[in-house]
Amino acid sequence: MAKFSKEFRLKLVLEVEDQGQPLKAVARNYRVGKSTLRTWVYNNRVGGVEQLVSIKQKYTQDFKLEAIEYRWTNDIS
């Protein structure tokens, strides 16, 4: 899966949102999947630029094991 810069994502979203360009045309012009661009536009509408450019956090295996043990110990979901 290709990684797109924050600036690139914002540029495409602004073309759709502010300039009124059709999503399908913008996706085709920049060779980005329509569903990918649709997700970016939705994230921008819901959470603003912060959500659009957020990067998913990765957790270590040790952290995950501690979280599971904490769940079991405290009987929570």
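Visitor: Which residues form the positive surface patch?
Guide: K24, R28, K34 and R38 form that patch. Keep in mind that this is a predicted model.

Visitor: And which elements give two or more residues to the positive patch?
Guide: Those are α2, residues 23-30, and α3, residues 34-52.

Visitor: Take K24. Which helix is that in?
Guide: K24 sits in helix α2.

Visitor: Is K24 buried or exposed?
Guide: Exposed. The relative accessible area of K24 is 53%, and the cut-off for exposed is over 50%.

Visitor: Let's switch to N44. Where does N44 lie?
Guide: N44 is part of helix α3.

Visitor: Buried or exposed, that N44?
Guide: N44 is buried, because its relative accessible area is 16% and buried means under 20%.

Visitor: What does N44 touch, not counting residues up to four places away in sequence?
Guide: With those residues left out, N44 touches V13, E17, V49 and L52.

Visitor: New topic. Which residues make the nonpolar surface patch?
Guide: L65, I68 and W72 make that patch. The nonpolar patch covers about 340 Å².

Visitor: What helix holds I68?
Guide: I68 belongs to helix α4, which spans residues 61-74.

Visitor: Why does I68 count as partly exposed?
Guide: I68 has 35% relative accessibility. Partly exposed is the class between buried, under 20%, and exposed, over 50%, so I68 counts as partly exposed.

Note on methods:
Residues are numbered from 1 along each chain as its sequence is written. This is a predicted model: local features need pLDDT of at least 70, side-chain atom pairs count only at pLDDT 80 or more; totals for chains, interfaces and linings use all residues. Side-chain values use heavy atoms; hydrogens and water are left out. Patches are made of residues with over 30% relative accessible area and no salt bridge: like charges are joined within 9 Å, nonpolar side chains (Val, Leu, Ile, Met, Phe, Trp, Tyr) within 5 Å. Accessible areas come from the Shrake-Rupley method with a 1.4 Å probe; for residues, only the protein chains shown count as cover. A salt bridge is a side-chain nitrogen of Lys or Arg within 4 Å of a carboxyl oxygen of Asp or Glu. Lys and Arg count as positive and Asp and Glu as negative; His and the chain ends are not counted. The place of a charge is taken as NZ of Lys, CZ of Arg, CG of Asp or CD of Glu. Helices (H or I, at least four residues) and strands (E, at least two) are DSSP runs, numbered from the N terminus. Buried means under 20% relative accessible area, exposed over 50%, partly exposed in between (1.4 Å probe, protein chains only). Contact means heavy atoms within 4.5 Å.
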